[in-house]
Amino acid sequence: MGSLQNTTEEVLRLASEHFKVPREQLAPDDDFFKKLGINSLQALDLLTRIEHHFKIELPDYELQGVSDFRTLAERIQLRL
Amino acid sequence: MLDLHKYQSLGEALRAALERWPNEVCLIEADRDRENARLTYRQFKQAALPLAKALQDSGFKSGTRAAIIMTNQSKWLISAYAIFFCGGVLVPLDYKLSAAEQLQLLAHSKAEFLVAEYYLWRAIMQAEGFKDLAARTVLVTEAPANADIGAAKRWEDFNDAREPVFVPRKREDAASIVYSSGTGGRPKGCVLTHGNYLEQCMALTALYPFYPGVRYLSILPTNHAIDFMIGFIGPFTCGAAVVHLRTLRPEYIREAFTRYKITYMTLVPMILKNLERGLRQRFADLPKGRRRVLDALIATNRTLTRRRPNLKLSRALLRQVHEAFGGELRAFFVGGAFTEPSTLQFFYDLGIPVGNGYGCTEAGTVITVNDFKPFRADTVGKPLPGMEVRILSPDSEGIGEVSVRGKTIMSKYLDEPDMTAQTIVDGWLLTGDLGRIDTAGHLQLFGRKKNMIVTEEGKNIYPEDIENAFEGLSVKEFCVFAANYLWPARTLVGEQLIIVLHPEDGRAISQGLVANVADRNRRLLNYKRISGYLPWDRDFPLTASLKIKRGELAKQIRANVERSAVVPL
């Protein structure tokens, strides 16, 4: 199991690839809805990509109330 | 379908349905590509009656209120039927609310029983105010073996094999209390009767028939009035099947169409738009020649179905498109928020009509819906059979407040006689929406008179409900408004909330204050956030009990400041 920092970094990388935004423009505390200009369905798409990458299952509800990369990484970390 | 005129209550009608179609599948629960459950009407009954008996053993009586807080799944419907069987009043709560908000509505509804999914119950147990929870029996579904569920009982173990006693209810009795808003201010608990639901069900299924073999894909939460009606009561009283999908992920929704040969589905504009985007991308990726053929077929279909849909023809012309949706899809229903006409037209041209509708919980869900005679992308359709729609105080263009009368209008707001009297006047429900009825009898919507916004996800957001996120700001006073309420705009697109900040006397709005507002805003769910602030230097008008007179304040702001004074956050 990697550290939370590594997980956060991986999440940022996946988001950058998925939404075609340069990695350096994204920071752990960014609000991904605002920064990426996405809606909740597009955020769910990212969740699927994260699942495949980490080989875990994240129910939709894990995204409930989450809007920054760091908190998302924390939710992932709990399931690694 | 059942002749619903014959029945007095939802419990009675559902009970008859379970007897009428014992071998038909009524419910499938899928999660991603897994199938968790598949029940016939007989098996559904076998699952629900032991629960009903256990409820009765625990003192559940006629009129007892029972809340459900669960995501979209089979146990929701099984629990709801058991509650109706016992003569109970259902309180469906939104699982997306915070635990504190759920506790607030549980207290307001005075629900004595609660059925909750484990992860939601876990959050409720940790919330402030949990110790005041008055529900005396809590049933928790899907709790892991070693999970701490406090004093709650496990839903899966809560049953009694003996025969429960069916408790009859009358049409005028309350069937449910559905909260349309008000976690921050005064909760609006719409009391809907058995008669409201039965009438609505008859009107809807007359327009869009359900029958054994029909499969309805349910992805909206069942606590949502639309899904409760079209994804539970409607199909069940017609012998049809409901497919619950426990995820909203686009890829699994697409798979569900083909796997389950879906007939109907209800969605919110955001999901419809997402499907459109996906299809347009696939069309754009086609080789040039095939793309040209597809465009020609779409144009042909559009011409030939101009007057009315012709499913057989559309399926033949655009076979691959229809096969991608399972080959059995008859229509989508969309509502809850504004849908762009271009999206509706896009699907219609493919031979997939979208029943664009308009409604509200207070009206028993649907008020108007497109009947496709012919298809219109620019309206929300005609009133449902039995529903009267009137425009109050129309201006020179015929636009005024939409008011509605019919057998599906709620009986009242729970414990709020004044609010009820302001909302239902001489039998007419005042919707707070602005509209016009055109010469063909279609309703067109133009904006809102009320202080609220609706997001593209179909969520109604009331400013009062998010103000507690800003409590303790270092200002003299503040108030949240829908921007279009302050400065009326004839649009239902891109609605936003703003906060009015009145700093302490002699002070200006500091950077620190703005940063604090932005920080608190970030902690709100993304669709509840405010988009800017309006500096204001006068005292707010207050009532004798020191509450803000919102209408009066809005008037003052409207008269003195323009929308351009709002500073974006």
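The domain assignment of chain B gives domain 1 (4-265) and domain 2 (460-568). Such bounds come from an automatic or database domain assignment. The centres of domain 1 and domain 2 of chain B, taken over C-alpha atoms, are separated by 37 Å.

This is a predicted model: local features need pLDDT of at least 70, side-chain atom pairs count only at pLDDT 80 or more, and totals for chains, interfaces and linings use all residues. Residues are numbered from 1 along each chain as its sequence is written, while chains are lettered from A and ligands numbered from 1 in the order in which they are written.

**Sheets of chain B**

Strands of a sheet pair through backbone hydrogen bonds, either parallel or antiparallel. Strands (E, at least two residues) and helices (H or I, at least four) are DSSP runs, numbered from the N terminus. Two strands pair if DSSP finds at least two bridges between them.

One open sheet of chain B has 9 strands in the order 2-1-11-10-12-13-14-15-16, and its pairing is mixed. Strand 2 (34-40) and strand 16 (382-383) of chain B stand at the edges, each with a single partner strand, so one side of each is left without a neighbour in the sheet. Another open sheet of chain B has 4 strands in the order 25-26-27-28, again with mixed pairing. Its edges are strand 25 (477-482) and strand 28 (567-568) of chain B; each has a single partner strand, so one side of each lacks a neighbour in the sheet.

Leu27(B) stands opposite Leu39(B) in strand 2 of chain B. Val480(B) stands opposite Ile499(B) in strand 26 of chain B. Helix 2 (residues 41-57) of chain B lies across strand 1 and strand 2, and runs at about 95° to strand 2 of chain B. Axes are lines fitted to C-alpha atoms, for helices over the stretch in contact, and angles run from 0 to 180 degrees between N-to-C directions.

**Helices of chain A**

Helix 1 (residues 4-18) and helix 3 (residues 40-54) of chain A have axes that come within 10 Å and cross at roughly 125°. That makes helix 1 of chain A oblique to helix 3 of chain A. Angles under 35 degrees count as roughly parallel, over 145 as roughly antiparallel, 65 to 115 as roughly perpendicular and the rest as oblique.

Helix 1 of chain A also packs with helix 4 (residues 69-77) of chain A, at an angle of about 120° and with axes 9 Å apart. Among the residues of helix 1 that meet helix 4 of chain A are Leu4(A), Val11(A) and Leu12(A). The residues of this contact of helix 1 with helix 4 of chain A divide into 8 nonpolar, 3 polar and 2 charged. Here Ala, Val, Leu, Ile, Met, Phe, Trp, Tyr, Cys and Pro count as nonpolar, Asp, Glu, Lys and Arg as charged, and the others, Gly among them, as polar.

**Where the chains meet**

13 residues of chain A are in contact with 15 residues of chain B. Two residues are in contact if their C-beta atoms, placed from the backbone, lie within 7 Å. Helix 3 of chain A gives the largest share of the side of chain A that touches chain B, 5 residues.

**Two backbone details**

The peptide bond from Lys373(B) to Pro374(B) is cis, with omega near 0°. Pro374(B) is found in the loop between strand 15 (365-369) and strand 16 of chain B. Lys110(B) is not a glycine, yet has a positive phi of about 55°.
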